[in-house]
Amino acid sequence: MNDSPPGCPLIDVVATYLPRLAESASEPGLAAAVDQHAAAVREALIPAQRGGARRALRREELADYVLGFTDWLSRVEWTEPVGHDFATLRLTAVCRLVREYDLLDG
């Protein structure tokens, strides 16, 4: 069951970039790059507390991040390449975080 609010940007990102996440499963270098991007996003949104403890990532936080990131992509007139660039890796990493934290299902 999907209880995301209508217009949640995570829905579109997952619909578009989840297949790229599946590609990374068979390519270790690509998987490592996606992992690094996921860690960078997670650290930006929920820095580790003393002792390394970390709270769960919230859907609203990741959605706000995606809105800002995709707004920037629009301003620089980014177009999705055939391969992988910083933006595709970052958006693929968002899919990984959505799946890891179960952010689209109730």
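Helix α2 has 18 residues, and at 1.5 Å a residue they should span 26 Å. The end C-alpha atoms of α2 are 26 Å apart, which agrees with that expectation. This is a predicted model. The protein chain holds four helices and zero strands. Its pattern along the sequence is α-α-α-α.

**The whole chain**

- The protein chain has 106 residues, and 38% of them are buried.
- The protein chain exposes about 6200 Å².
- Take the contacts in the protein chain with a separation of 6 or more: 70% of them join residues 24 or more positions apart.

**Helix α2 and its buried side chains**

- Helix α2 covers residues 28-45.
- Which residues of α2 are buried? They are Leu 30, Ala 33, Val 34, His 37, Ala 38, Val 41 and Arg 42.
- The list includes His 37 and Arg 42.
- What do the buried residues of α2 pack against? They pack against α1, α3 (59-75) and α4 (86-100).

**How α1 meets α2**

- Two packed helices are described by the angle between their axes and the distance between the axes.
- Helix α1 spans residues 9-24. It packs against α2 at an angle of about 125°, with the axes 8 Å apart.
- The two helices are therefore oblique to each other. Angles over 145 degrees would count as roughly antiparallel, and 65 to 115 as roughly perpendicular.
- From α1, the residues in this contact are Leu 21, Glu 23 and Ser 24. From α2, they are Leu 30, Ala 31 and Val 34.
- The residues of this contact divide into four nonpolar, one polar and one charged.
- Leu 30 and Val 34 meet α1, and both are among the buried residues of α2.

- Where is Tyr 101? It lies in the segment after α4.
- Tyr 101 has a relative accessible area of 21%, so it is partly exposed. The cut-off for buried is under 20%.
- Which residues does Tyr 101 contact, leaving aside neighbours within four places in sequence? They are Arg 42, Ile 46, Ala 56 and Leu 57.
- One of these, Arg 42, is a buried residue of α2.
- Tyr 101 and Ala 56 are 45 residues apart in sequence. In space they are 7.2 Å apart, C-alpha to C-alpha.

Key
Residues are numbered from 1 along each chain as its sequence is written. This is a predicted model: local features need pLDDT of at least 70, side-chain atom pairs count only at pLDDT 80 or more; totals for chains, interfaces and linings use all residues. Side-chain values use heavy atoms; hydrogens and water are left out. Axes are lines fitted to C-alpha atoms, for helices over the stretch in contact, and angles run from 0 to 180 degrees between N-to-C directions. Angles under 35 degrees count as roughly parallel, over 145 as roughly antiparallel, 65 to 115 as roughly perpendicular and the rest as oblique. Contact means heavy atoms within 4.5 Å. Ala, Val, Leu, Ile, Met, Phe, Trp, Tyr, Cys and Pro count as nonpolar, Asp, Glu, Lys and Arg as charged, and the others, Gly among them, as polar. Buried means under 20% relative accessible area, exposed over 50%, partly exposed in between (1.4 Å probe, protein chains only). Accessible areas come from the Shrake-Rupley method with a 1.4 Å probe; for residues, only the protein chains shown count as cover. The expected span of a helix is 1.5 Å times one less than its number of residues.
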